[in-house]
2 protein chains.
Amino acid sequence: MQSGPIVFHFDFVSPFAYLASTQMDALASRSGRAVDWRPVLVGVLVNQVMKMPSPPELPLKGPYLRRDALRLSEWLGVPFAYHDLPGARSVLALRVFLLLKDRDEQAAVRFANRVFQRLWVDGLDITGFDDLEASLEGLGADVAALRSAAVEPPARAALKRSVDDAIAEGVFGVPFFQVDRQALWGVDRLPMLEHWLEHGSWSRRPSATPEQ
Amino acid sequence: MQSGPIVFHFDFVSPFAYLASTQMDALASRSGRAVDWRPVLVGVLVNQVMKMPSPPELPLKGPYLRRDALRLSEWLGVPFAYHDLPGARSVLALRVFLLLKDRDEQAAVRFANRVFQRLWVDGLDITGFDDLEASLEGLGADVAALRSAAVEPPARAALKRSVDDAIAEGVFGVPFFQVDRQALWGVDRLPMLEHWLEHGSWSRRPSATPEQ
């Protein structure tokens, strides 16, 4: 069996990435694989690379997606609520995530889960560093050092590199999963991802057993 | 239990609509519901209503979708092959479908399954009436009458009405399913659709049983 990590591309501003994020711990323990959380800026992928309008703003599709996220939260059995923060931005939070990940990956994932929860369950802003402080509590991070590092060139460059690497690998939206050279886009593909992790194949037919 | 039909919006040019079409008979018999096949022109929905480029032409997403259809055919266990007919058009075939449906819905569905198979399994064109004749055999249809009716104003108006009705209901791509006032887009949502048909809910938690 292959045993590489499940790569999970996310952006805090995506409700679908939030929904997927709630399943990553269970997915890791069921599959015995690590999950490698990688931040992207979904606005860059959609608007700059694909040159598309943001999906929530599309006629017909926008209203569908809005209902769909609510329905998927019922499907997954996780809390979810739309926030009233159209100006919420993830750039700073994603830079903080990368700074944490450099030193302590588990702390970074705990931070990410809290930030997702803050925006998509509690409806609180995540844009400024003050908004993020509560999500850093108890992680052993030097909060003052993070506050200044997050706006310095190395942190900016690290996030840009993460986005550029994702684009180079064909990532065009979130959540986006990669495992064993397979790529899957969308929280609704988690059942297919689980099937792959269990069988190493897309086929749902029982595989032929060699005759004795 | 509710028992209205499952509405299935399709266009022959979509590989994902083809993949979904292969599951409609089994879905109908498992759920005890009828399937109401409704043609749309996916190019009109995407290019004219959403003003988006066609998904297969998008950078990053286009190549993903191309691999994804192959993978979904493995997942569903159905034959599938890309054709080499970039000029293939579905307008005439969809008009013929509606003419058939007016008189004999079962014949229309048999015709639709054959047309899907012709393009997405056999790699043969479906654009002209000559291309469609083999798919009309044994359906009890007056082929000569269909040939002329398919280019006349009532057939054109019927297809336009079908597309306009779909847009009015929020359909923005294919396959698109509606049942019990719920809408689901994408062949990858068939498991959710089946869940809804079985439970009348999106939640996968067992529902509470009233105490005796």
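## Salt bridges

Over all chains, a search of the whole structure finds 22 salt bridges. The model is a predicted one, and every value below is computed from it.

| Pair | N to O separation |
|---|---|
| B:Arg189 and A:Asp68 | 2.7 Å |
| A:Arg147 and A:Asp130 | 2.9 Å |
| B:Arg38 and B:Asp36 | 3.0 Å |

B:Arg189 and A:Asp68 form a salt bridge. This pair crosses between chains: B:Arg189 sits in the loop between strand E4 (182–185) and helix H10 (190–199) of chain B, while A:Asp68 belongs to helix H4 (residues 61–76) of chain A. Both B:Arg189 and A:Asp68 are buried.

A:Arg147 and A:Asp130 also form a salt bridge. The two are 17 residues apart and link distant parts of the chain, with A:Arg147 in helix H8 (residues 143–149) and A:Asp130 in helix H7 (residues 129–132), both of chain A. A:Arg147 has a relative accessible area of 35% and is therefore partly exposed. A:Asp130 counts as exposed because its relative accessibility is 56%.

In chain B, the side chains of B:Arg38 and B:Asp36 meet in a salt bridge. B:Arg38, at 28% relative accessibility, counts as partly exposed, whereas B:Asp36, at 14%, counts as buried. In chain A, salt bridges that share partners join A:Asp36, A:Arg38, A:Lys101 and A:Glu169 into one network.

## The sheet of chain A

Chain A has an open sheet of 4 strands in the order E2-E1-E3-E4, with mixed pairing. Its edge strands are E2 and E4, each of which pairs on one side only. Direction ignored, neighbouring strands of this sheet are turned by 20° against each other on average.

How many of the residues of strand E1 (residues 6–10) of chain A are buried? The count is 5 of the 5, so the strand is largely enclosed by the rest of the structure. A:Ile6, A:Phe8 and A:Phe10 point one way from E1(A), and A:Val7 and A:His9 point the other way.

E1(A) and strand E2 (residues 35–39) of chain A run parallel and are joined by 5 bridges. Within this pairing, A:Ile6 has A:Val35 of E2(A) as its bridge partner, and A:His9 has A:Arg38 of E2(A). With strand E3 (residues 176–179) of chain A, E1(A) pairs in the antiparallel sense over 3 bridges. There A:His9 stands opposite A:Phe176 in E3(A).

## Helices of chain A

Helix H10 (residues 190–199) of chain A holds the buried residues A:Leu190, A:Met192, A:Leu193, A:His195, A:Trp196 and A:Leu197. The buried residues of H10(A) pack against E1, helix H2 (24–31), E3 and strand E4 (182–185) of chain A, together with helix H4 (61–76) of chain B. A:Gly200 follows H10(A) and has a positive phi, near 65°.

Two packed helices are described by the angle between their axes and the distance between the axes. For helix H5 (residues 91–103) and helix H9 (residues 153–168) of chain A, the angle is about 95° and the axes are 9 Å apart. H5(A) and H9(A) are therefore roughly perpendicular to each other. On the H5(A) side, A:Val91, A:Leu94, A:Arg95, A:Leu98 and A:Leu99 take part, and they meet A:Ala155, A:Arg156, A:Ala158, A:Leu159 and A:Ser162 in H9(A). The residues of this contact divide into 7 nonpolar, 1 polar and 2 charged.

A:Glu105 lies in helix H6 (residues 105–120) of chain A. Leaving aside neighbours within four places in sequence, A:Glu105 is in contact with A:Val35, A:Asp36 and A:Leu100. The C-alpha atoms of A:Glu105 and A:Phe12 are separated by 17 Å, and the two residues are 93 residues apart along the chain.

Note on methods. Residues are numbered from 1 along each chain as its sequence is written. Chains are lettered from A and ligands numbered from 1 in the order in which they are written. This is a predicted model: local features need pLDDT of at least 70, side-chain atom pairs count only at pLDDT 80 or more; totals for chains, interfaces and linings use all residues. Side-chain values use heavy atoms; hydrogens and water are left out. Contact means heavy atoms within 4.5 Å. A salt bridge is a side-chain nitrogen of Lys or Arg within 4 Å of a carboxyl oxygen of Asp or Glu. Buried means under 20% relative accessible area, exposed over 50%, partly exposed in between (1.4 Å probe, protein chains only). Two strands pair if DSSP finds at least two bridges between them. Axes are lines fitted to C-alpha atoms, for helices over the stretch in contact, and angles run from 0 to 180 degrees between N-to-C directions. Angles under 35 degrees count as roughly parallel, over 145 as roughly antiparallel, 65 to 115 as roughly perpendicular and the rest as oblique. Ala, Val, Leu, Ile, Met, Phe, Trp, Tyr, Cys and Pro count as nonpolar, Asp, Glu, Lys and Arg as charged, and the others, Gly among them, as polar.
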